[in-house]
Every structure is written in C-alpha cells, then in structure tokens.
Amino acid sequence: MTEVAAQLPYTNGNTNEVKEELKSSQNSPTKIAVPAPKDENGGYLDEDDIPWAVRLQMEAAEKKPKKKEKKDKKDKKRKYADSDDSDDYKEKKKSKSKKEEKKDSKRTSVSSSAKSSPVKSGGRKKKEEEKEDVWEWWKEEKTDDSIKWKTLQHMGPVFSAPYEPLPSHVNFFYDGKVVKLGAAAEEVAGFYARMLDHEYTTKEMFNNNFWKDWRKTMTAAERELITDLKKCDFRQIDEHYKLLSEQRKAMTKEDKLKLREKNEADMKVYGFAIIDGHKQKIGNFRLEPPGLFRGRGGHPKMGKLKRRVMPEDVIINCSKCSEIPKPPPGHKWKEVRHDPKVTWLCCWTENVGGQNKYMMLNANSKIKGEKDYSKFETARRLKTRIDNIREVYRGDWKSKEMRLRQRAVALYFIDKLALRAGNEKDTEEAADTVGCCSLRCEHINLHEELDGQNYVVEFDFLGKDSIRYYNKVPVEKTVFKNLKLFKEGKEPDDDLFDRLDTSTLNQHLQSLMPNLTVKVFRTYNASITLQDQLDKLTNPKDNVHQKILSYNRANRQVAILCNHQRAVPKTHDASMANLEKKIKDKKKELKDAKAEYEKAKSGDKEKAKKKMDRLKDQYKKLKINRTDKDENKQIALGTSKLNYLDPRITVAWCKKNDVPIEKIFSKTHRDKFRWALDMADEEFVF
C-alpha cells in the first residue's frame, strides 16, 4: 500500500470509501504523513474505530489535492480554448444569462476596486460587520424600565494627550522681553494664543476670567513678574500653532492613513461597550482636552480655564461580573460603581460650571433608542388627550387664584408657541437665558392693536444657547387681560409668572396625564405640525425633487415654531452665485437641445428628445435647489429632525411617496432611528 495507507491506525464504517481514498492518494504526488488504521496483526479496522482527531487529519489530507484539481480545470479550459472546438466554447460562454453577466461584472468591479484600494475594502467589511451587529431590541419583550442593563463591560475613556512644551525658538514676550514660562503656565498661554484672531479675546469679561485663572497656574516668580495682560505678547506662540495646523493639513496620504489607522485602532478598543451580550457603540469615549471656556452669548464664565480631566476625577460604572477598566499607569479611578439603574459608563465633574459630565452610549444604541421611542409614544398619547387639557387650562384663565391663572397662561404659551419651560438660574454663574416660566416683564410688550391685529403680545428674549426669540403673536382677549394683570405694579426685571416654576408646572401636567412634561408638549407640537404640513403640501404627482422641497418646507414650519435659527452661512452668497451660474448654463444647454430636436431628422428625433427631457429635469432640479437653499438660509432644519420629530412620520411619508429615505435622512439619522425604519409602514400617522 501507499505511505498514507501504511500509517492509518483505524478505519470508520465504510471500508470501500477508505479504499477509494487510498487509491486516490496513491496516484497523488504529494505524500501526506497521516497515521493509518491497523489492528494488532497489522490489518485494517472498520471506520467506526477511527478517533475524531485522526478523522480530521484524513479530511485535511483529502482537501489538499483539490488545488491540483482547480489547476487541471484551468488547463482543460486552456486546451479546450486552443482546440478546434474553441468556437463552440466561446458560444457557450456567450449563452450566459444577462443576470449572470451582471453578477460577473459586479464581482469583477468589486474585486478590482478591492485590490486597488485596501482602505475601501476595509470600510466595506466594517459596514458588513456593523450590519451583523444590529440589535433589534424593538422586537424583544419589554422588561423592567428601571433596570437599564444586566451586564455592562467597557474599557473606560481615552484621556487627552499630555502637553508638549514649545520648541526653544518659540517665545512668549512680556513688556518686550522674552520670558520662559513653566509648563503649566505655558500650556494655558497657548490656549489664549490660539484665540487671538477670535472676537472673544476682545471681550473684557473673557480677558478678566482668563487672567485670573492663568495666574493660578504661574509660579510665585512668574506672578511677581507678569502683572498686566496688556503687556503680554502671544504672537509667536500663535504663529507656531498656525504652522502646526498647516502641517497637519499638508500631511501626505501615507501619514493620513497612519493617523486614521491609529484612530480606528483606538475605536476598536475603546469605542464599544458590551451590554447584555451585545456590542454597542460609545458616543464620546475621548475626553475633552483642556482649554478656555467660551460659552454662548454673554456667558459670565467665558475665558475661564477648563482643566485637564484626570483618572482621579472619573467614576467608572460597569457590571460586577465584568473586568474593571484599567486606569493609565500610575493613576487610579476616583470610584468604581456597579449601578444598573443609570445609563452612563463614566462620570466626572467639570470645573467651570460644576456640572456632571458623562460618557454615554451612541445615539443608535438600545438605551437611547428606547428612550426616543418612549418619548414619541408619550407625545402620541398626548394627541388623544390634548382637547381635555386645553379645556382645563382655558377654564383656569378665570380662576380666583392668581397662581392658577399664571399656570394656565404659561401652559397656553407652551402649547401654542412650543416654548421651553425655562428654569431659574444664577446669572452670575450662567448666561441670562430664559424660558416660559422664567420670563420677566421686560421680555413682553402688550399691544391692543398692532399691524391690523388685536391683542398682540410681542416677545423678545434670549432662549437656549443665547438664541434670540422674537415673535409677535395675537392672543385671546382673556389671555391679554391676564398678562396686563400679571405686569401691574412690577418692575421690568421682575418675574412675569412670579407664582410659578417648572417643577410645579410639571407636577400639574403629571396629574393630567402620566409622564406628561413641558418637553412632551414641544415634541407633540413639532411632530403634529410636520404631519399636518406634509399632508397639506405633498402632491403625489410631483417628481422626487419637488416632493423633497415640500418636505423641507414642512420641516421649516417646525423649525420656525421651535425657534431653530442659525446665522446665515458665510458662504451663502458665493454658493447662491455659483448656483445661479449653473442655472444660467443649464438654461443655455436646454435651449440648444431644443433647437437640435427641432432640426433633427426622423431617425434622430428620439435621441434628441431624450437629451432635451434629461436637461429639462436637471434645470428644474437646480431651480428647486435654489429656492430650497434661499428659504432655509437662516433656519436649522437638522435640530428638529434629530430631536423633536417622530421619525416614523418621515419613514411613512417616504414609503408612501416613493422618495428614497437617504434623500431625507442622513446616515446619522438612519442609524439612530433603525427602529422606526423597521416599524413604520406607509399607513403610519402620528
């Protein structure tokens, strides 16, 4: 027998199959040292007696000669192609179905692109992995809402890189002389230097706060020498950081690839948590680096130093059974907790406002998705109760108790104008922004008649993020009279609703409907407005571009209601001018195409018509884009889409009107609202 047969110690059942295998191995030029099945006398045993490990070796031995088979097939093809029957061979290849040809072309394009661009193929693999890891939590049975997870494991946060001192040729000057600062003071000086071109450094409040905090980082000798910010010259430091920025922009492809690979490696280690056995993305695993606090509007703490977060500041939250994340060498965590009733993974307190900051799961995680789903379902329930609630607050407009009247008028504004609740705050600690409950008398003006309308209330105040809210709203006569009453005998800086706060208002709402808060009103009003506007503006006969314009117009009404404003982009005028040029050029192309069509002979008419129709569609699309861009130059459409609008409205509208969801929802939206994409059909109504 062969060398293979001579070494097999056992057989397993079907001896004929083994003999066949032995014959094939005899013909094979490759010698494979696999022990043969023998009894005590040297005879062959049945296959049932072959151990599992030996059987695996036999299977491996079978597989190896297959490479030769493939080679033989290729040789046969070549021979066949070179023979007299090669024409028949080509005929057979041609007879492939069109589907097979398409598949082959796809395979070829994919493989060629994969060879030419390893990064792209890696990205494709990554997408496939992400699809495999989708946790369809909405299809599972609901459990106790108070318990957020059973098991939680993660690697903790990534801390900001340590400070790199300035090179010796880059200097800080004080009163015209070079001063070498210690590392702590030099780092903070660098934060200020990088903001020299920004208007913040022209503000007195910013400079005063920076000066106080900077001096705390100086040594005693530095404090004694440096006594006036106006004598400080940060320009060389500023130029140094600008040069570094330019160098980063001018990085070679290889360097960019290395950096991307490093970031991806960090992402794989720190960017995911395992929650209840499922891999979930973390939203913010990199901690914010130190710097100067900017704030919005006239924030009283602008310019203060945001110090570096250290492991000793961080509380870790994970399950008891999981491995606790390791802190950086030489450090330890502030505390390690095992609290399944909270959703955060890490927690620390920032030093400027004393607020708790958290490392949380990504917006497309189960925890965030369940919260969104619950929020929109509560808003939908409000739709069935809204008439009763309105009846209650209308009745309270004439209450004998001033407290109830104020609550009823405030609720009317929250319902009608989608105002935020507004919390009391110390204006020395935070920006002077207000909401409905914290309005002051100076924030409203009352007009018996204005612009042809009766009983008009003029609002003018800074809302969230110091964005100005300005609106003139006609109200019912009873509301107008109550507002006059609330303002009587008060100074401009006195509270309009002096017998009301957010907590008591929310308690009242809870008594009207479970889980009802002021925020739910805002979500309800945004979603119901979108639903109504889409029903009103959408024309089934419109093309896709016209339908998208209708959607954006509906979304714009929501953004106006919620006061989602933005400054006109700096590039708006240039962008519009570029669009106008494109429209002009396309119009000329269309005119030429029409002339060609009219001159075309009967045989070329069809081709000329197709070209003319294509250009006509392109021309219409450009005009729609121009209208859309100009209408939304001061409106932020993204905020309401991401936070206030029930995504099922959009999904249902897209399905009903044959609009690709990608035209409305970005990848961020699609990832966040996977549950809505799966749940909503075209019949869904908010």
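1. Tyrosine 644 lies in the loop between helix H21 (637-643) and helix H22 (647-657); helices are DSSP runs of H or I with at least four residues, strands runs of E with at least two, numbered from the N terminus. UniProt, in an unreviewed entry, lists Tyr644 under "active site"; such annotations may be inferred rather than shown by experiment.

2. The model is predicted: local features need pLDDT of at least 70, and side-chain atom pairs count only at pLDDT 80 or more. Residues are numbered from 1 along each chain, and side-chain values use heavy atoms, without hydrogens and water.

3. Tyrosine 644 counts as buried because its relative accessibility is 15% (buried is under 20%, exposed over 50%, partly exposed in between; 1.4 Å probe, protein chains only). Beyond neighbours within four places in sequence, tyrosine 644 has contacts (heavy atoms within 4.5 Å) with residues including Phe376, Arg420, Arg522 and His564. Its side chain forms a polar contact of 3.2 Å with that of arginine 522 (a pair of N or O atoms within 3.5 Å, one able to donate a hydrogen and the other to accept it).

4. Lysine 139 is in the loop between helix H7 (118-132) and strand S1 (152-153). At 53% relative accessibility, lysine 139 counts as exposed. The side chains of lysine 139 and glutamate 136 make a polar contact of 3.0 Å. Between lysine 139 and aspartate 678, the C-alpha to C-alpha separation is 9.8 Å, although they are 539 residues apart in sequence.
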